[in-house]
Amino acid sequence: MIICNGPASNASLEKDLYRRSLISGQSARLLCCYAYCSSGQGDSTGDVTVGGQEIIAENGSILAQSEPFGDGFAVADVDVESLWGARRGMSSFHVEPTPQYADYHETMFDMTIPDHPLMRPVSKQPFIPADEKMRADCCSLAVTMQAHGLAARVGAQNADHLVIDTTNSSVTNTALAVLAVARFYDLERPAVPDMYVAISQDAQNGQSANVKLIEQLADALGLPLATLASPAPSNRTPHRAARSTRCSIFRS
């Protein structure tokens, strides 16, 4: 999880940039924290000069660094639990039952770690990019992925009607479904099916703020609205009615 490397790497022009990219890439490839500390200025000789560069990288991100031949230290907080979670989702990391079974040498030691305030910033929205342009690109990509997936589904079902069922869905999921259908409509296709944003009659009668938001979004995107009638109560098992047209239901 945490790799510590203390080499006697010599200093040269642009080598500090190479070290940063190398250590950052290695920490991303191994899904680990890579702490690098080169020999200091006191180890320089008449033939070789070392600058004592320090770099701490975590899963591809440089957390802290000190410049070559500079003062101070590179100090950073490492989110070990985040690294564990990322490794659990990767099939390339095989976890052995014990360190001995994996032929690791395990050294146990005690160390007192004083409490200190968190140094690294913690985002309130960790899954949303902070940069505005990057956030817009990610949102556009998410909608495009939904649209192409929907195009494959419509093509497989050979549907000529597409209905967005907004019943029992959160306003966020419904808005994403409406945006995906609008993006799907913009794709170059030989035949685009009729599209409707269906709102249940009960929700429409309630005139909730979420319903109004979806109606405004559909109207802005040029998608027609349709009303789903409330089903009549019955003690018998309902059967699917035969349809004269092929219809695909896109539930949000």
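Biologist: Which other residues have a positive phi although they are not glycine?

Modeller: Leu31 is one of them, with a phi of about 50°. Asn59 also has a positive phi of about 50°. Leu31 sits in the loop between helix H1 (15-30) and strand S2 (33-37), and Asn59 in the loop between strand S3 (54-58) and strand S4 (61-66).

Biologist: Why does Leu31 count as buried?

Modeller: Its relative accessibility is 7%, and buried means under 20%. Leu31 therefore counts as buried.

Biologist: What makes Asn59 count as partly exposed?

Modeller: The relative accessibility of Asn59 is 34%. Partly exposed is what falls between buried, under 20%, and exposed, over 50%, so Asn59 counts as partly exposed.

Biologist: How do you know whether Leu83 is buried or exposed?

Modeller: Leu83 has 2% relative accessibility, and the cut-off for buried is under 20%. Leu83 is therefore buried.

Biologist: Back to H3. How do you know that its span is close to the one expected?

Modeller: Helix H3 (residues 132-157) has 26 residues. The expected span is 1.5 Å times one less than the number of residues, which gives 38 Å for H3. From first C-alpha to last, H3 reaches 38 Å, so the span is close to that expected.

Biologist: What makes the pair Asp131 and Lys133 a polar contact at the start of H3?

Modeller: A side-chain oxygen of Asp131 comes to within 3.2 Å of the backbone nitrogen of Lys133. The limit for such a pair of N or O atoms is 3.5 Å.

Biologist: Which residues of H3 are buried?

Modeller: They are Val143, Ala147, Leu150, Ala151 and Val154. An α-helix has 3.6 residues a turn, so residues three or four places apart point the same way.

Biologist: Which elements give two or more residues to the largest nonpolar core?

Modeller: That core has 17 residues, and those with the most contacts inside it are Phe184, Val197 and Leu223. The elements giving two or more residues are H3, strand S5 (161-165), helix H4 (171-186) and helix H6 (209-221). H4 gives the most, with six residues.

Biologist: Why is Tyr36 called buried?

Modeller: Its relative accessible area is 8%, and under 20% is buried. Tyr36 therefore belongs to the buried class. Tyr36 lies in strand S2, and its contacts beyond four places in sequence are Asn5, Pro7, Ser9, Arg19, Ile23, Gln53, Glu54 and Ile55. The C-alpha atoms of Tyr36 and Ile23, 13 residues apart along the chain, are separated by 7.8 Å.

Biologist: What makes the pair Tyr36 and Arg19 a polar contact?

Modeller: Their side chains are joined at 3.0 Å, and the cut-off is 3.5 Å.

Biologist: Is Ser38 buried or exposed?

Modeller: At 6% relative accessibility, Ser38 counts as buried. Ser38 lies in the loop between S2 and S3. Beyond its neighbours within four places in sequence, Ser38 is in contact with Pro7, Ala8, Ser9, Gly52 and Gln53.

Biologist: What is the secondary structure of the protein?

Modeller: The protein has six helices and eight strands, which run from the N terminus as β-α-β-β-β-α-α-β-α-β-α-α-β-β. Of its 252 residues, 25% count as buried.

Biologist: How many residues reach a pLDDT of 70 or more, as a percentage?

Modeller: 79% of the residues do, and the mean pLDDT is 75. Over residues 231-248 the pLDDT is below 50, and this stretch has 16 contacts in the model beyond near neighbours in sequence. Where pLDDT is low, the predicted coordinates should not be read in detail.

Terms used: Residues are numbered from 1 along each chain as its sequence is written. This is a predicted model: local features need pLDDT of at least 70, side-chain atom pairs count only at pLDDT 80 or more; totals for chains, interfaces and linings use all residues. Side-chain values use heavy atoms; hydrogens and water are left out. Buried means under 20% relative accessible area, exposed over 50%, partly exposed in between (1.4 Å probe, protein chains only). Helices (H or I, at least four residues) and strands (E, at least two) are DSSP runs, numbered from the N terminus. Contact means heavy atoms within 4.5 Å. A polar contact is a pair of N or O atoms within 3.5 Å; within protein, one must be able to donate a hydrogen and the other to accept it, and residues adjacent in sequence count only if both atoms are side-chain atoms. A nonpolar core is a set of buried Ala, Val, Leu, Ile, Met, Phe, Trp, Tyr and Cys residues joined through side-chain atoms within 4.5 Å. pLDDT is the predictor's confidence in each residue, from 0 to 100.
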